[in-house]
Amino acid sequence: MSPAETTIGFVGLGAMGRPMAAHLIENGFVVQGFDISQAARDALETAGGTPVSSAAEAATGADALVLMVVNADQARAILFEAGALDALRPGGTVVLMATCPPGAVESMAERVVATGRGFIDAPVSGGVAGATAATLTIMAAAPADTLAALRPMFDALGGKVVHVGTRPGQGALVKAVNQLLCGVHIAAAAEALALAGKVGVDRAVMLDIVCGSAASSWMLKDRGPRMLEAQPVTTSAVDIFVKDLGIVIEAGRDAKAAVPLAALAHQLFLATSGQGHGKADDSQIIRTYDGLNGT
């Protein structure tokens, strides 16, 4: 089917979902979307989509139902309690793009597939910037034919679409490994800059040096400058990594794999959130280090 013949139900029009839905509209897809925020629904209408009053209405008659929600609990509630799965057309496909525990994804997929509908486990990396620029990395796990049928939709959203496996849950596992590295890199960058500040080295000078050295990383270059700001704009919240590193630890436990660095980073993000900074940019984990160091 061409984009104009493909109806996408989209649930979750937040900081990432809103530009993602807009890109689908720009690429010719018919989008009917729901979010609890009236402002988000209004923005969808302005972009050329059709705002609806419930998740079930978003799914009604759709070829695919995209869930860009916060967590597995929300996804389950939308699919099985709010009636979205029953409203999705027979043969339609659920596309779960939220970061969820692999086991939860597997159990949701089993229930969806049992109704004769398809399921694609497709978490993303790239944050708000990637969603806005349509350069997300999409880690898709599904049977090859299921993915191929919706490949034009994924191409409209991401700069890199990778088929990571045929079994739902594999995308979630790949995303967990990605988030392990992201979370540990942010924590390590904060520790380094906090140490520099503690011993009297100008943090901006230190950041400039390490960004050009073998110690550099993408996260250091991206989050480091915001660690120098007192109140940076939030592009990814501390609480996101509280959730995502919790998923990493759960995946490690299920696989009987040791993830001690992820566990330590999780504790640092958790402490930062516990101090009241859960909605702050995740770079502000440095506040916890400053608290520990008395700086």
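A polar contact is taken here as a pair of N or O atoms within 3.5 Å, where within protein one atom must be able to donate a hydrogen and the other to accept it, and where residues adjacent in sequence count only if both atoms are side-chain atoms. The structure is a predicted model, in which local features need pLDDT of at least 70 and side-chain atom pairs count only at pLDDT 80 or more, while totals for chains, interfaces and linings use all residues. Residues are numbered from 1 along each chain as its sequence is written, and side-chain values use heavy atoms, with hydrogens and water left out.

A polar contact of 2.6 Å links the side chains of aspartate 281 and serine 283. Aspartate 281 is found in the loop between α14 and α15, the helices (H or I, at least four residues) and strands (E, at least two) being DSSP runs numbered from the N terminus. With a relative accessibility of 0%, aspartate 281 counts as buried, a term that denotes under 20% relative accessible area, as against exposed for over 50% and partly exposed in between (1.4 Å probe, protein chains only). When residues up to four places away in sequence are not counted, aspartate 281 touches Arg226, Pro232, Val233, Thr234, Thr235, Ser236 and Val238, contact meaning heavy atoms within 4.5 Å.

Among the strands, β1 (residues 7-11) pairs with β4 in the parallel sense through 4 bridges, and β1 is also joined to β2 (residues 30-34), again in parallel, by 5 bridges; two strands pair if DSSP finds at least two bridges between them. Within these pairings, phenylalanine 10 has valine 66 of β4 as its bridge partner, whereas valine 11 stands opposite phenylalanine 34 in β2. Because 5 of the 5 residues of β1 are buried, this strand is largely enclosed by the rest of the structure, with Thr7, Gly9 and Val11 covered on one side and Ile8 and Phe10 on the other. In a regular strand the side chains alternate between the two faces of the sheet. In β4 (residues 64-67), Ala64 and Val66 point one way and Leu65 and Leu67 the other, and all of them are buried.

The search of the whole structure returns 1 aromatic pair. The ring centres of phenylalanine 241 and phenylalanine 269 lie 5.2 Å apart with their planes at 20 degrees, so the pair is stacked; rings of Phe, Tyr and Trp (its six-membered ring) pair if their centres lie within 6.5 Å, and planes under 30 degrees apart count as stacked, over 60 as edge-to-face and the rest as tilted. Since phenylalanine 241 belongs to helix α13 (residues 238-255) and phenylalanine 269 to helix α14 (residues 260-277), the pair ties together parts that are 28 residues apart in sequence. Phenylalanine 241 is buried at a relative accessible area of 2%, and phenylalanine 269 is buried at 0% relative accessibility.

The loop between α13 and α14 contains lysine 256, which has a positive phi of about 55 degrees although it is not a glycine. Most residues other than glycine have a negative phi. Lysine 256 counts as exposed, at 78% relative accessibility.
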